[in-house]
Amino acid sequence: MRGAWCLLATSHALKPALDRRSILGAYASLASLPANAAALRQAELETIQLFEKATKSVVFIDTFAEQREAVSMNMDVPQGTGSGFVWDDRGHIVTNYHVIRNAAAADVTLLVDGGTKLSRKAQLRGVDPDKDIAVLTVDDIPRDKLRKIAVGTSSNLRVGASVFAVGNPFGLDHTLTQGVISGLGREVRSPTGRPITNVIQTDAAINPGNSGGPLLDSSGRLIGMNTAIYSPSGASSGVGFAIPVDTLSTVVKALVDDGRVRRPVLGITFLGGQQAKALGIDAGVLVLAAPADGPAALAGVRGTSRSPDGALTLGDVIVDVDGRSINGEADLFKALDRKRPGDSVKVTVARGQRVSADGAPDDVVTARVPVDIVLG
C-alpha cells in the first residue's frame, strides 16, 4: 500500500479502541522492572516533571460547523478536534491552520491549577495558510490562569536528540508521547500547496488530533509544532513532522501584531510544472501573465501571448533568482521565502520561444536575460 501525507486534525467520527488486556499487560511489564533501576526512575521523574509543567500550556481545540435546520435556525455542530498551545499571557493560542480551516466556531479548553478544565470560545486573530499556522485569542481568561509555553530554538537541533509531543490524539486530551529527532531539513506541503521547509522529522507517536500541539526538547522548550505524518493508514507510522519554532515565531509575531503575514509579491501568474512540460518547458517557471502595474512587468518581464495567426509566444521562463537555479515553482517559492516586500532580486529569464498554431515549436533562438525586480 502506498504511503500518504496526513494532516492531523481529528474528525468526531474517530473514536479510540481500548483493549483491557493490553492495558493490564502494560501494567504487568512495569511491575517487572528491576528494583535497582535508579537511573530509569530518575529519567521517568524528569519526564513526569516536563509533562506536568508543559501540559498547562497545551490546549484542546474543538471546532464546529454551521448547520441550517429546516426551521431556518442555524446551529453549530461538532466538526473535529485538534491541539494548540498558549503563546503569551494576552490569550493568544497557536495551532495549525488546517485545524480551524472551514470551521464556523472553535472552543479552547486548557488545564488550570488543580487540574480543572476551563473552556472558552475562541476568536480568530489571523492565519498563514502557506505555513499552516493560525493564531486564536481567548479574551475572558484571567492572565494568572494562562501558562505560556517556554519557547526554544530550532537552529541548533541534532538528529538523535530526545523530543516529546503533547496533544490530543483521537480526542484524548493532554497525551504525552516520546521519541527522538529522526531527521532535519525535511519538506512538507502546506494546505495551499506551497512547500514548508526545514521541517523536523520525529518518531514520537503523532496521530490525528495532535495537529497544532507542541514538540518539546528534553528541557521542555518548544522546538516545533506537530503538523503532519506520513502514513498508509492515517495513524502514527513513526514518521511525523513538525514546523520548526524559528519559522513559527516569525509568523506568529506577524499574526499577533497585524493579523496577517505580508509576503513579497513578484507580480506574475505562472503555468504549473506538468502543463509547462507539455509545452516543452522542462525546467524553470513559465510566466503566463505579468500585470502592467506589477513589479515583474515594471522590470520588463513578459507574459505569454497569442498572435492573430494563432501562434503562441511563450512568456519569459524564470530560470534563476539571486544565483539560485529555478527548476519549478517550489524552487521559486523557496527563493522568495526569505525576502520581504521592497527587496530587490536579480532574476534571469529565458526569452524567445514560440509555438506555432499546430503546437510545434518554431525555430526561435532562446536568450537568457537578466532582470532586476523590486518585490511588491
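Biologist: A105, D107, T109 and L111 point one way from β6; which residues point the other way?
Modeller: This is a predicted model, where local features need pLDDT of at least 70 and side-chain atom pairs count only at pLDDT 80 or more, while totals for chains, interfaces and linings use all residues. Residues are numbered from 1 along each chain as its sequence is written, and side-chain values use heavy atoms, leaving out hydrogens and water. Both sets on β6 are buried (under 20% relative accessible area; exposed is over 50%, partly exposed in between; 1.4 Å probe, protein chains only). Those pointing the other way are A106, V108 and L110.

Biologist: Why is β6 largely enclosed by the rest of the structure?
Modeller: β6 is the strand of residues 105-111; strands (E, at least two residues) and helices (H or I, at least four) are DSSP runs, numbered from the N terminus. It is largely enclosed because the buried residues number seven of the seven.

Biologist: Which residue in the turn between β6 and β7 has a positive phi?
Modeller: β6 and β7 (residues 117-121) pair in the antiparallel sense over five bridges; pairing needs at least two bridges found by DSSP. L110 stands opposite L118 in β7. The two strands form a hairpin with five residues between them. The residue with a phi of about 90° is G114.

Biologist: Is D88 buried or exposed?
Modeller: D88 sits in the loop between β4 (74-86) and β5 (92-95). Its relative accessible area is 10%, so D88 is buried.

Biologist: With which side chain does that of D88 make a polar contact?
Modeller: A polar contact is a pair of N or O atoms within 3.5 Å; within protein, one must be able to donate a hydrogen and the other to accept it, and residues adjacent in sequence count only if both atoms are side-chain atoms. A polar atom of the D88 side chain lies 3.0 Å from the backbone nitrogen of R90. Beyond four places in sequence, D88 is in contact (heavy atoms within 4.5 Å) with L146 and K148. The side-chain partner, at 2.9 Å, is H92.
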